[in-house]
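Let's take a friendly walk through a protein model. Have a look at the structure first, and then we will go through some of its parts together.

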Amino acid sequence: MLVVKSSAQARQKRSASRIGLAVAGGGPVGGIFEIGAVRALDDALDGLDMHALDIYVGISSGAFVAASLANRLSTAELCRIFITGDSDQFQFRAEDFIRPAIYEYLQRLAGVPRMLATALADFARHPFDLSISDSLMRLGSVLPTGLFDNSAIERFLRKAYSSHGRSNDFRELASKLIIVAVELESGQTVRFGSSGHDAVPISRAIEASAALPGLYPPVQIDGKHYVDGALRHTVHASVALDSGADLVLAINPLVPINTVHAKSQGKASSPNVVDGGLPAVLSQMFRTLLESRMQTSIPRYERTYPDSDLMLLQPDADDTDMFFTNVFSFSHRKRLAEHAYQSTLRDLRMHRKTLKPLLARHGISLRDKVLDDPKRTLLGTLTDKPPRRSKVTSHLHRALDDLDRALSGEAPAKPRTSRKAPAARRAARAKAGV
């Protein structure tokens, strides 16, 4: 489903439009959907490179996507890393992200003797004053704050952003990157990457932003504990708009499932949400909360940012593939990513008439050939694998990209849209293996 917020007053085409990408959270399912969606946008939008925008905003799993693109990882390489698993640069294993938080368990277990001693002492002093609720509160203090160890996330990203010419430092990126998390003690939103919060490593900021309470323990940074940024807002598109974006491409992968409508369309793969047990019920509840906040945010964007445009992509309410999918299976990941890719192309095709003048204001056009190709698939776009690059050739490749932008009148430090390199230079680069 595509939601479009057009600026109140149509502007003339401006070559200096600033483009932003805001990517919401959603766990593994959301991350796979987002990768398929940005790949489709990259294929379908002419005059725009998804890894060369002005502003990137990410939350939780969306922070993976935003930070990777800001670090000039192409959408094709993102697919190879997280979807097909045949990247030459990084080896991603989903199992590493669901390891039990053993250290957290041991820490909490160490507090059991003290808790029992305190409880016995209180019972001896006031044997008739203790209640079941008091006992549960005491027991809660020794339960782990998260089931899985999120340190593996940080290690993987630190390695990914510290090789092949990329950077794990917000201040070294050519584009602006904001990773949103929530400070646990105050409940306030923190924008890592903004002034005063840009010395934190990108990998650490993503670990904090993805620390969904109950699944991952809070992440401590400079003496403060942080959790998932989705607890305050869904997409945080306002962060990109506040940064001066004229057009924001937003992706929200989590919407509540409407099984009644899905069954009427013959789509339901499970008769009821409750049949999925507690995980499915909690997922539906969480998605409903996110969706309600999103519905109230769109009118606010229209009032607060009347001169900016917003394109919001999210699944349909009857999209059972987005609700009943096990993304820890490679085959399921490929299917879900392909589904997201095709859904995004379908939405762009359906709203083509509205989108063409909106995008034209920002120097972007739709590739009708891509939208109207019934045989086009995500995996089919990944057949031309680039040559394996060393650290030196990776730096050279980036230098050539900056040169392309400089020759076309774009400052390398402010990458916006990209124009394809001349054929001779592309051929020379391919021959050199860069």
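## A word to know first

A residue counts as buried when its relative accessible area is under 20%. Keep that cut-off in mind as you read. The model you are looking at is predicted.

Where is Ser175 placed? Ser175 sits in the loop that runs between helix H7 (151-160) and strand E5 (176-183). Is Ser175 buried or exposed? Its relative accessibility is 7%, so Ser175 counts as buried. The side chain of Ser175 also has a polar atom that lies 2.6 Å from the backbone oxygen of Leu53.

## The chain as a whole

Now let's step back. The protein chain has 434 residues, and 50% of them count as buried. Its secondary structure comes to 16 helices and 11 strands.

The accessible surface of the chain is about 20,300 Å², and carbon and sulfur atoms account for 57% of that surface. What about contacts along the chain? If you take the contacts between residues at least 6 apart in sequence, 77% of them join residues at least 24 apart.

## Two helices that meet

Two packed helices are described by the angle between their axes and the distance between the axes. The crossing of H1 past H2 is right-handed.

Which residues make this contact? On the H1 side they are Gly27, Gly30, Gly31, Glu34, Ile35 and Val38, while H2 brings Ser61, Gly62, Val65 and Leu69. Sorted by kind, the residues of this contact are 4 nonpolar, 5 polar and 1 charged.

Ser60 is in the loop between strand E4 (55-59) and H2. Ser60 is not a glycine, yet its phi is positive, at about 55°. Ser60 counts as buried because its relative accessibility is 6%.

Arg72 is found in the loop between H2 and H3. Arg72 is another residue other than glycine with a positive phi, in this case near 70°. The relative accessible area of Arg72 is 18%, so Arg72 is buried too.

Next, find helix H3 (residues 75-84). How many of its 10 residues are buried? The count is 9, so H3 is mostly covered. The buried residues of H3 include Leu78, Ile81 and Phe82, and among them are also Glu77 and Arg80. After H3 comes Gly85, with a positive phi near 75°.

Our last stop is Glu207, which is found in helix H8 (residues 202-209). With a relative accessible area of 4%, Glu207 is buried.

What does Glu207 touch, not counting residues up to four places away in sequence? The residues are Asn150, Ser151, Glu154 and Val219. The side chain of Glu207 also makes a polar contact with the side chain of Arg204, at 2.8 Å. Finally, compare sequence with space: Glu207 and Arg155 are 52 residues apart along the chain, and their C-alpha atoms are separated by 9.5 Å.

Conventions. Residues are numbered from 1 along each chain as its sequence is written. This is a predicted model: local features need pLDDT of at least 70, side-chain atom pairs count only at pLDDT 80 or more; totals for chains, interfaces and linings use all residues. Side-chain values use heavy atoms; hydrogens and water are left out. Helices (H or I, at least four residues) and strands (E, at least two) are DSSP runs, numbered from the N terminus. Buried means under 20% relative accessible area, exposed over 50%, partly exposed in between (1.4 Å probe, protein chains only). Contact means heavy atoms within 4.5 Å. Accessible areas come from the Shrake-Rupley method with a 1.4 Å probe; for residues, only the protein chains shown count as cover. A crossing is left-handed if the near helix is turned anticlockwise from the far one by less than a right angle, and right-handed if clockwise. Ala, Val, Leu, Ile, Met, Phe, Trp, Tyr, Cys and Pro count as nonpolar, Asp, Glu, Lys and Arg as charged, and the others, Gly among them, as polar. A polar contact is a pair of N or O atoms within 3.5 Å; within protein, one must be able to donate a hydrogen and the other to accept it, and residues adjacent in sequence count only if both atoms are side-chain atoms.
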